[in-house]
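The following exercises concern the structure shown below.

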Amino acid sequence: MAADELPLAGKVALVAGATRGAGRGVARALGEAGALVYCTGRSAVGHPKGMDRPETIDETAALIEAAGGRAVAVRVDHTRDEEVAALAERVRREAGRLDVLVDSIWGADPMVDWSKRFWEIDLAGLGAYLDQTLVSHVITNRRLAPLMVEAGRGLIVEMIDGHFDGYRGHILYDLVKAALARLAYGMAMELVRTDVTALALSPGFLRSEAVLGHFGVTEDNWRDAIAKDPYFAESESPALVGRAVVALASDPDVKRKAGLTWFASDLAREYGFTDVDGRMPDFPRMFDARVAAAAEAPSPDTESRYLMWARYSQIHRDPARRNLSVALAKALDLGGVGPGLAPAGARA
């Protein structure tokens, strides 16, 4: 594609948390679309890596440049206000503008013990967890949004997990991911009289480096893992959510999406882009179909009941999925709980 055909040519983007996973996918897609991309995070050459993973922001920048794009790797601890303030001044000084800000900071997997319920969690690390996963986003938006507001243009994307209003399986994980969606909404409300748009975006079943490693496959042979987990058939590469950000940043009417939470594969169908293999994955439809079939079974096994509960937790507050929620509640015998958990009529 010629330089003058690149949709984001001349634009400047910053991806906070560009080391791996969705953040790296977004950074690469923005670079491929012609933007100058600042790749930030703590995992850099010569510094300790996060989450026991080898990836670095330097590698992300190198991948962008190898594909013909432009990128700058800047090591930043986004929990430290002074470092983020210095980053903002550097972008202002070097690039003179900021058009796209993507908050994909996470790095907290080792800090969540999924086996513990809220009355069992270890509170010793709570402050550090919230600093890493939530406060870092507030700091990043506070310091970098002024470049957009002053210029009267821009897009802020909060990367979250799940476009549903239900529960994500762990009290601290759910608390932060829901808070990030609310952060996008709140920023959109305060940006309403500007031409800066804030929204939240979620990938689906993401083939991150860690997930590929877990299944013992690579992006080239990822389909081999479907035999281990049939849900993997509707997984997606990090490029899909990256292309979703590019589509949003290229949309002159993106402001109509302000404050809401969007799902990458839904945007693929709306804007007409695909994953790297030409697919438009639809993990929610697959999940819904499988748990609906499990709910009709006379004696669902333990795994089926777990999956039904997981899906019910996610969708039970979604009016569009009320029929499925009622079916799952019946199968799980949830009719005796409060109306916020079991839809009306669950025990017909």
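The model is predicted.

**Exercise 1. Is alanine 128 buried, partly exposed or exposed, and in which helix is its place?**

Solution. Alanine 128 has a relative accessible area of 45%, and is therefore partly exposed. Its place is in helix H4, which comprises residues 126-151. As a further step, consider glycine 41, which is 87 residues away from alanine 128 along the chain; the C-alpha atoms of the two residues are separated by 16 Å.

**Exercise 2. Determine whether threonine 140 is buried or exposed, and list its contacts outside its sequence neighbourhood**.

Solution. Threonine 140 is also found in helix H4. Its relative accessible area is 0%. Buried means under 20% relative accessible area, and threonine 140 is therefore buried. When neighbours within four places in sequence are left aside, threonine 140 is in contact with Ala16, His78, Val84, Leu101, Asp103, Ile105 and Ala145.

**Exercise 3. Describe how helix H9 packs against helix H10**.

Solution. Begin with the geometry. Helix H9 spans residues 283-296 and helix H10 spans residues 302-315; their axes are 9 Å apart and form an angle of about 125°. Angles over 145 degrees count as roughly antiparallel and those of 65 to 115 as roughly perpendicular. H9 and H10 are therefore oblique to each other. The crossing in which H9 passes H10 is left-handed.

Next, identify the residues. On the side of H9, the contact is made by Pro284, Phe287, Asp288, Val291, Ala294 and Ala295; H10 contributes Ser304, Leu307, Met308, Arg311, Gln314 and Ile315. Sorted by class, this contact has eight nonpolar, two polar and two charged residues.

**Exercise 4. At what angle do H9 and helix H11 pack, and which residues meet?**

Solution. Helix H11 covers residues 322-332, and H9 packs with H11 at an angle of about 40°, the axes being 9 Å apart. The cut-off for a roughly parallel pair is an angle under 35 degrees. H9 and H11 are therefore oblique to each other. Their crossing is left-handed.

From H9, the residues Asp288, Val291, Ala292 and Ala295 meet Leu324, Ala327, Leu328 and Ala331 of H11. By class, the contact of H9 with H11 has seven nonpolar residues, no polar residues and one charged residue.

**Exercise 5. How many salt bridges are counted, and which parts of the chain does arginine 207 tie together through them?**

Solution. The count comes to 29 salt bridges. One of them joins glutamate 219 and arginine 207, with the closest N and O atoms 2.7 Å apart. Glutamate 219 lies in the loop between helix H6 (209-215) and helix H7 (238-250), whereas arginine 207 lies in the loop between strand S6 (196-202) and H6, so this pair ties together parts that are 12 residues apart in sequence. Glutamate 219 is partly exposed, at 28% relative accessible area, whereas arginine 207 is buried, at 2%.

The side chain of arginine 207 also meets that of aspartate 275 in a salt bridge, at 4.0 Å from N to O. Aspartate 275 lies in the loop between helix H8 (264-271) and H9, and arginine 207 in the loop between S6 and H6, so the pair ties together parts 68 residues apart in sequence. Aspartate 275 is buried, with a relative accessible area of 1%.

Conventions:
Residues numbered from 1 in each chain as written. Predicted model: local features only at pLDDT ≥ 70, side-chain atom pairs only at ≥ 80, totals over all residues. Heavy atoms only, no water. Axes fitted to C-alpha atoms, helices over the stretch in contact; angles between N-to-C directions. Helix = DSSP H or I, 4+ residues; strand = E, 2+ residues; numbered from the N terminus. Left-handed = near helix turned anticlockwise from the far one by under 90°. Contact = heavy atoms within 4.5 Å. Nonpolar A, V, L, I, M, F, W, Y, C, P; charged D, E, K, R; others polar. Buried < 20%, exposed > 50% of the residue type's maximum accessible area, 1.4 Å probe, protein only.
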